[in-house]
Amino acid sequence: MRSVVILVVVFALLMVFGPMLAPYDPTAINIPKRLQPPGGEWLLGTDALGRDILSRLLHGARWSLGLAFVVSFLGLMVGTCVGLIAAQGGRFADWIAMRTTDTFLAFPELIAAVVIAGILGAGTGTLVFALAVTGWMRYARVARGIGLSLATKGYVVQARLAGMHPLAIARWHYLPSLLPSLTVVWTGMFARAILGISALGFLGFGVQPPLPEWGTMLLDARIHMRSTPLQMIWPGIAVVVSVLAINLAGDALRDVLAEQESP
Amino acid sequence: MIRIAADLILRAFVVLTGVALATFALLWHAPGDPALSIAEARYGTVVSKEVLDFIRAEAGFDTGFWTAFWAWLSPLLAGDFGQSSVTGRAVWPDLMTAMSYTLPLALVSLAIGLAISVPLALIATRRPGSWMDRGAVALASVGVAIPAFWLGLLLILLFAVQLGWLPAMGADTRAHAVLPALTLALGVAASLTRIIRSGILEARTQVFLPAFRRRGIPPRNIARDHVAPHAAIPVITVLGLELAFLLEGLVVVEVIFARPGLGSFLVNAIYARDFPKVQAVVLLAAVIFVIVNLAIDLIYRSLDPRMDGRNA
């Protein structure tokens with residue numbers, strides 16, 4: 001749990017204070033100083049329009065990580081609700097909820113997101129919608145699974161017989177037991193969201209230029225691969241380091257939970 | 001078994017209906033007048049109202065949602081994927097041409113991915129916790145975190161731009177397939193290594209294994225008869241996810257390497273707002289994906305007798 005907290009704090013600090021550390025305006029165009037090599041006045045060089053790459057990377061954290069957080073959190077909300085409805089709502093509600101989940105899982109999530117974002121028109125709003133709509137199913141499955149195993153527990157049966165409202169049972173009896181596992185799923189989905197946002201940005205369906213998002217930066221850098229190959233390295237490293245950090249935190253959290261459950 | 005199979009097939013049918021409905025709802029809500037974009041693409045910019053009405057009637061845009069859905073679905077059910085709204089060419093032959101580039105690439109990548117991950121996982125689990133094990137895990141963790149499009153760009157940078165050993169763009173020769181296959185295979189290998197490794201470690205904790213060892217059964221036989229089959233179960237269950245991962249990688253990788261496969265076909269169709277092509281790819285991919293997952297489900301159930309119909 002501690003590793004996840006540290007991670008969230010570091011990312012939050014990066015999103016809040018990262019842009020303040022940026023030495024230049026990330027969208028300020030300076031054509032005479034285009035495609036400068038790293039070092040000197042521009043620590044990581046400049047891009048094809050003379051914009052400072054370091055400043056764009058620092059501002060980009062707010063887009064790439066911030067939007068991934070929003071996307072994974074929306075997925076968590078929707079998925080938990082669907083899972084709890086399936087677990088508590090009886091056989092018919094369960095069947096409907098689970099077949100809906102299957103339908104959304106019937107297609108590679110990222111491709112579905114590309115199609116949705118592409119058809120509805122590129123932009124930040126559709127990007128979040130496309131990734132959230134294709135990113136809630138794993139939470140639903142986990143929430144339903146744990147919910148069904150709780151339904152036969154003595155305290156839940158008693159609460160139900162005592163006439164406790166299903167929503168209150170969900171809030172006070174189900175949610176506390178769900179949270180640890182859902183947090184593990186959330187770390188995985190957060191990492192996937194970062195990859196998804198950068199992939200859609202790279203294909204041109206995501207955050208639109210001149211906003212500095214890491215995938216969009218890679219799309220720009222790709223054209224100048226021959227003259228300034230390093231320009232392509234930095235945004236990629238930012239994505240890999242973020243995803244790696246989240247995955248490692250998720251693994252650590254899962255190990256802690258497994259240890260707590262085993263004795 | 002027949003009951004379970006029938007239940008699974010019914011589910012697959014429900015899921016495919018859901019996918020068709022979702023696809024049509026998405027096209028129905030696409031912004032802008034689709035008739036106008038079709039007309040512009042076909043006849044140039046200046047179009048009369050009569051032409052727009054003709055296109056609307058032709059595509060069934062002027063009826064209600066459910067009528068239009070049925071009008072849209074029935075030719076698809078008959079196997080008629082229609083014509084491209086931009087070029088007017090039939091969608092199906094072009095789709096099959098694209099498929100002929102994508103399928104071999106996907107299979108070769110999957111094979112290379114297995115060829116890397118199985119030995120790596122076996123070496124890693126020989127002594128769990130050793131430097132080799134930790135090295136393999138670290139390598140796999142980094143591999144999972146690298147987006148396919150960035151890995152592809154790095155490989156182009158190294159092998160095509162700097163060293164000049166391999167071609168990067170197009171699909172004319174076998175050499176053109178090396179870098180895209182490598183990009184996809186490394187991603188597959190990274191995630192499979194983690195799964196196979198934990199599958200083997202988990203299989204070794206089975207309670208009866210020490211008894212077999214004490215009875216003098218050779219370790220090789222224990223590994224073959226009791227560890228390998230048990231370790232295979234989690235691997236088979238994630239094969240569906242692995243296929244999804246591979247397809248997702250294919251889309252960006254084909255775009256980067258300018259291969260005329262299914263991924264480029266889809267992305268270019270979206271750029272051109274050529275909806276008949278988009279829906280053809282989506283529905284074909286959904287059918288393939290559902291059938292593969294159905295097959296995996298059935299294999300999994302026949303391998304693991306503990307699974308009965310209720311624990312689905």
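Author: Happy to. Let us begin with the chain as a whole: of the 263 residues of chain A, 47% count as buried. Please keep in mind that this is a predicted model. Chain A has 10 helices and 0 strands, and its C-alpha trace spans about 75 × 40 × 25 Å along the principal axes. Among the contacts in chain A with a separation of 6 or more, 70% are between residues 24 or more positions apart.

Now to the part I would pick out, helix α4 of chain A, residues 109-120. What should its 12 residues span at 1.5 Å a residue? The end C-alpha atoms of α4(A) are 16 Å apart, which agrees.

Is α4(A) mostly covered or mostly open? It is mostly covered, with 11 of its 12 residues buried. The buried residues include Glu109(A), Leu110(A) and Ile111(A) as well as Val114(A), Val115(A) and Ile119(A).

What do these buried residues pack against? Within chain A, their partners are α5 (124-133) and α8 (166-203). From chain B, α1 (2-28), α10 (219-256), α11 (262-271) and α12 (275-303) also pack against them.

That brings us to where the two chains meet. Here 35 residues of chain B are in contact with 33 residues of chain A. On the side of chain B that touches chain A, at least two residues come from each of α1, α6 (131-145), α7 (148-162), α10, α11 and α12 of chain B. The largest share, 8 residues, is supplied by α1(B). By type, the residues on this side of chain B are 31 nonpolar, 2 polar and 2 charged.

From chain B, domain 1 (2-77) and domain 2 (95-271) each give the core at least three residues.

Finally, a word on Ile194(A). Setting aside neighbours within four places in sequence, Ile194(A) is in contact with Ser64(A), Leu65(A) and Ala68(A), and also with Val239(A), Ser242(A) and Val243(A).

Notes: Residues are numbered from 1 along each chain as its sequence is written. Chains are lettered from A and ligands numbered from 1 in the order in which they are written. This is a predicted model: local features need pLDDT of at least 70, side-chain atom pairs count only at pLDDT 80 or more; totals for chains, interfaces and linings use all residues. Helices (H or I, at least four residues) and strands (E, at least two) are DSSP runs, numbered from the N terminus. The expected span of a helix is 1.5 Å times one less than its number of residues. A residue is buried if 20 or more other C-beta atoms lie within 10 Å of its own, exposed if 12 or fewer, and partly exposed in between; C-beta atoms are placed from the backbone. Two residues are in contact if their C-beta atoms, placed from the backbone, lie within 7 Å. Ala, Val, Leu, Ile, Met, Phe, Trp, Tyr, Cys and Pro count as nonpolar, Asp, Glu, Lys and Arg as charged, and the others, Gly among them, as polar. Domain bounds come from an automatic or database domain assignment.
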